[in-house]
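Here is a short report on one protein model. Look at the sequence and the structure first, then read on.

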Amino acid sequence: MSKAERTRQFIIEKTAPVFNAKGYAGTSINDLTEATGLTKGSIYGNFENKDEVALAAFDYNFERIVTYIKSKMDERTGSIEKLLVYPEVYRNFIKLPILYTGCPINNTAAESDDTHPLLKEKVAKALSYWRERLENRLLIGIENGEIREDLDVNEFVSVFISLIQGSVIQVKVTGKLAPLNATMDYLETMIKGLKK
(Lines give C-alpha, C1' and ligand atoms only; values in the text may rest on other atoms or scores of the structure.)
Protein backbone atom coordinates (compact mmCIF):
# COMPACT_ATOMS: atom_id res chain seq x y z
CA MET A 1 0.00 0.00 0.00
CA SER A 2 1.42 3.37 -1.01
CA LYS A 3 1.64 6.35 1.33
CA ALA A 4 -1.30 8.00 -0.49
CA GLU A 5 -3.39 4.82 -0.12
CA ARG A 6 -2.50 4.59 3.58
CA THR A 7 -3.50 8.23 4.07
CA ARG A 8 -6.81 7.69 2.27
CA GLN A 9 -7.49 4.62 4.41
CA PHE A 10 -6.61 6.54 7.57
CA ILE A 11 -9.04 9.33 6.63
CA ILE A 12 -11.81 6.81 5.90
CA GLU A 13 -11.29 4.93 9.17
CA LYS A 14 -11.21 8.10 11.27
CA THR A 15 -14.17 9.82 9.61
CA ALA A 16 -16.46 6.80 9.18
CA PRO A 17 -17.78 6.89 12.78
CA VAL A 18 -18.35 10.64 12.49
CA PHE A 19 -20.44 10.31 9.32
CA ASN A 20 -22.41 7.44 10.85
CA ALA A 21 -23.17 9.43 14.01
CA LYS A 22 -23.75 12.90 12.54
CA GLY A 23 -24.87 12.06 9.01
CA TYR A 24 -23.69 13.63 5.79
CA ALA A 25 -25.28 17.05 6.31
CA GLY A 26 -24.29 17.20 9.97
CA THR A 27 -20.63 16.41 9.33
CA SER A 28 -18.52 19.48 8.63
CA ILE A 29 -15.00 19.79 7.30
CA ASN A 30 -14.02 20.80 10.84
CA ASP A 31 -15.36 17.45 12.06
CA LEU A 32 -13.19 15.71 9.48
CA THR A 33 -10.05 17.64 10.40
CA GLU A 34 -10.71 17.08 14.10
CA ALA A 35 -11.26 13.33 13.63
CA THR A 36 -8.13 12.89 11.54
CA GLY A 37 -5.81 15.54 12.91
CA LEU A 38 -5.15 16.52 9.31
CA THR A 39 -5.64 19.84 7.58
CA LYS A 40 -8.47 20.55 5.14
CA GLY A 41 -5.85 20.59 2.38
CA SER A 42 -4.60 17.14 3.37
CA ILE A 43 -8.10 15.71 3.29
CA TYR A 44 -8.99 17.32 -0.02
CA GLY A 45 -5.59 16.38 -1.39
CA ASN A 46 -6.69 12.76 -1.02
CA PHE A 47 -10.39 13.09 -1.79
CA GLU A 48 -12.08 15.26 -4.38
CA ASN A 49 -14.73 16.51 -1.95
CA LYS A 50 -16.81 15.68 1.11
CA ASP A 51 -19.08 13.47 -1.02
CA GLU A 52 -16.19 11.19 -1.90
CA VAL A 53 -15.18 10.87 1.76
CA ALA A 54 -18.78 10.16 2.80
CA LEU A 55 -19.24 7.45 0.17
CA ALA A 56 -16.00 5.74 1.18
CA ALA A 57 -16.95 6.06 4.86
CA PHE A 58 -20.32 4.40 4.23
CA ASP A 59 -18.63 1.49 2.45
CA TYR A 60 -16.19 1.15 5.33
CA ASN A 61 -18.92 1.19 8.00
CA PHE A 62 -21.04 -1.35 6.15
CA GLU A 63 -18.11 -3.65 5.42
CA ARG A 64 -17.12 -3.68 9.11
CA ILE A 65 -20.58 -4.90 10.08
CA VAL A 66 -20.65 -7.51 7.31
CA THR A 67 -17.22 -8.80 8.36
CA TYR A 68 -18.17 -8.90 12.04
CA ILE A 69 -21.42 -10.79 11.46
CA LYS A 70 -19.76 -13.18 9.02
CA SER A 71 -17.05 -13.96 11.58
CA LYS A 72 -19.71 -14.78 14.17
CA MET A 73 -21.64 -16.91 11.67
CA ASP A 74 -18.47 -18.80 10.73
CA GLU A 75 -18.29 -20.01 14.35
CA ARG A 76 -21.69 -21.71 13.96
CA THR A 77 -22.96 -24.71 12.06
CA GLY A 78 -26.36 -24.92 10.40
CA SER A 79 -28.48 -22.19 8.89
CA ILE A 80 -30.67 -21.61 11.93
CA GLU A 81 -27.70 -21.24 14.27
CA LYS A 82 -26.06 -18.86 11.81
CA LEU A 83 -29.23 -16.75 11.54
CA LEU A 84 -29.44 -16.54 15.33
CA VAL A 85 -26.25 -14.46 15.20
CA TYR A 86 -28.32 -11.46 14.07
CA PRO A 87 -30.53 -11.10 17.17
CA GLU A 88 -27.51 -11.78 19.37
CA VAL A 89 -25.46 -9.05 17.69
CA TYR A 90 -28.22 -6.46 17.46
CA ARG A 91 -29.43 -7.09 21.01
CA ASN A 92 -26.05 -5.72 22.10
CA PHE A 93 -25.47 -3.19 19.32
CA ILE A 94 -24.94 -0.22 21.64
CA LYS A 95 -21.99 -2.06 23.22
CA LEU A 96 -20.31 -2.75 19.88
CA PRO A 97 -17.97 -0.06 18.54
CA ILE A 98 -19.06 -0.85 14.97
CA LEU A 99 -22.74 -0.31 15.76
CA TYR A 100 -23.07 1.95 18.81
CA THR A 101 -23.81 4.98 16.63
CA GLY A 102 -26.45 2.92 14.83
CA CYS A 103 -26.70 0.90 11.67
CA PRO A 104 -25.16 2.72 8.69
CA ILE A 105 -27.97 1.50 6.42
CA ASN A 106 -30.58 2.97 8.74
CA ASN A 107 -28.71 6.18 9.50
CA THR A 108 -27.78 6.92 5.92
CA ALA A 109 -31.12 5.89 4.40
CA ALA A 110 -33.03 8.32 6.60
CA GLU A 111 -30.86 11.21 5.51
CA SER A 112 -30.13 10.43 1.87
CA ASP A 113 -33.48 9.30 0.50
CA ASP A 114 -34.36 12.70 -0.98
CA THR A 115 -31.14 14.68 -0.66
CA HIS A 116 -28.13 12.66 -1.74
CA PRO A 117 -28.63 10.30 -4.71
CA LEU A 118 -25.14 8.77 -4.55
CA LEU A 119 -25.46 7.87 -0.87
CA LYS A 120 -29.00 6.59 -1.50
CA GLU A 121 -27.61 4.32 -4.21
CA LYS A 122 -24.94 3.01 -1.80
CA VAL A 123 -27.62 2.25 0.80
CA ALA A 124 -29.81 0.51 -1.77
CA LYS A 125 -26.89 -1.70 -2.85
CA ALA A 126 -26.01 -2.50 0.78
CA LEU A 127 -29.62 -3.40 1.56
CA SER A 128 -29.79 -5.55 -1.57
CA TYR A 129 -26.58 -7.31 -0.54
CA TRP A 130 -27.98 -7.96 2.96
CA ARG A 131 -31.21 -9.34 1.48
CA GLU A 132 -29.28 -11.64 -0.87
CA ARG A 133 -27.13 -12.97 1.97
CA LEU A 134 -30.20 -13.73 4.08
CA GLU A 135 -32.07 -15.29 1.16
CA ASN A 136 -29.07 -17.49 0.33
CA ARG A 137 -28.75 -18.61 3.94
CA LEU A 138 -32.44 -19.57 4.02
CA LEU A 139 -32.24 -21.40 0.68
CA ILE A 140 -29.20 -23.34 1.88
CA GLY A 141 -31.17 -24.28 5.01
CA ILE A 142 -34.12 -25.45 2.91
CA GLU A 143 -31.83 -27.41 0.59
CA ASN A 144 -30.10 -29.08 3.56
CA GLY A 145 -33.42 -30.05 5.13
CA GLU A 146 -32.97 -27.75 8.15
CA ILE A 147 -35.66 -25.23 7.21
CA ARG A 148 -39.20 -26.01 6.15
CA GLU A 149 -39.81 -25.94 2.42
CA ASP A 150 -43.04 -23.91 2.52
CA LEU A 151 -41.22 -20.81 3.78
CA ASP A 152 -41.92 -17.59 1.86
CA VAL A 153 -38.28 -16.48 1.74
CA ASN A 154 -38.99 -12.97 0.43
CA GLU A 155 -41.56 -12.29 3.15
CA PHE A 156 -39.33 -13.68 5.88
CA VAL A 157 -36.36 -11.56 4.82
CA SER A 158 -38.50 -8.40 4.59
CA VAL A 159 -39.85 -8.89 8.10
CA PHE A 160 -36.42 -9.91 9.43
CA ILE A 161 -34.72 -6.72 8.22
CA SER A 162 -37.65 -4.53 9.29
CA LEU A 163 -37.57 -5.94 12.82
CA ILE A 164 -33.86 -5.24 13.18
CA GLN A 165 -33.96 -1.77 11.66
CA GLY A 166 -37.13 -0.75 13.50
CA SER A 167 -35.81 -1.85 16.88
CA VAL A 168 -32.52 -0.01 16.32
CA ILE A 169 -34.45 3.19 15.50
CA GLN A 170 -36.50 2.86 18.69
CA VAL A 171 -33.40 2.53 20.86
CA LYS A 172 -31.64 5.42 19.13
CA VAL A 173 -34.67 7.70 19.54
CA THR A 174 -35.85 6.71 23.04
CA GLY A 175 -32.69 5.35 24.65
CA LYS A 176 -34.79 2.46 25.98
CA LEU A 177 -33.70 -1.14 25.51
CA ALA A 178 -37.04 -2.83 26.26
CA PRO A 179 -38.37 -2.57 22.67
CA LEU A 180 -35.06 -3.88 21.32
CA ASN A 181 -35.00 -6.84 23.69
CA ALA A 182 -38.64 -7.69 22.97
CA THR A 183 -38.01 -7.50 19.23
CA MET A 184 -34.87 -9.64 19.39
CA ASP A 185 -36.77 -12.22 21.50
CA TYR A 186 -39.45 -12.26 18.79
CA LEU A 187 -36.84 -12.55 16.04
CA GLU A 188 -35.19 -15.49 17.82
CA THR A 189 -38.56 -17.23 18.07
CA MET A 190 -39.20 -16.51 14.40
CA ILE A 191 -35.84 -18.02 13.41
CA LYS A 192 -36.27 -21.10 15.61
CA GLY A 193 -39.72 -21.54 14.06
CA LEU A 194 -38.06 -22.18 10.70
CA LYS A 195 -37.06 -25.70 11.73
CA LYS A 196 -38.43 -28.39 9.52
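The axes of α8 (residues 117–143) and α9 (residues 153–174) cross at roughly 130° and come within 10 Å. Helices here are DSSP runs (H or I, at least four residues), numbered from the N terminus. Axes are lines fitted to C-alpha atoms over the stretch in contact, with angles from 0 to 180 degrees between N-to-C directions.

On the α8 side, the contact includes Leu-127, Trp-130 and Arg-131. On the α9 side, Val-153, Asn-154 and Phe-156 are among the residues. Contact means heavy atoms within 4.5 Å. By class, this contact of α8 with α9 has 12 nonpolar, 3 polar and 2 charged residues.

## About the model

This is a predicted model: local features need pLDDT of at least 70, side-chain atom pairs count only at pLDDT 80 or more, and totals for chains, interfaces and linings use all residues. Residues are numbered from 1 along each chain as its sequence is written, and side-chain values use heavy atoms, leaving out hydrogens and water.

## Where α8 meets the pocket

α8 also supplies the largest share of the lining of the largest pocket, 5 residues. α4 (50–74), α5 (79–83) and α8 each give at least two residues to that lining. Among the lining residues are Lys-70, Lys-82, Arg-133 and Leu-134. Leu-134 of α8 also takes part in the contact with α9.

Methods:
Ala, Val, Leu, Ile, Met, Phe, Trp, Tyr, Cys and Pro count as nonpolar, Asp, Glu, Lys and Arg as charged, and the others, Gly among them, as polar. On a 1 Å grid over the protein atoms alone, a cavity is a set of points where a 1.4 Å probe fits but cannot get out, and a pocket is an open set with protein on both sides within 12 Å along at least five of seven lines; lining residues have an atom within 4 Å of a point.
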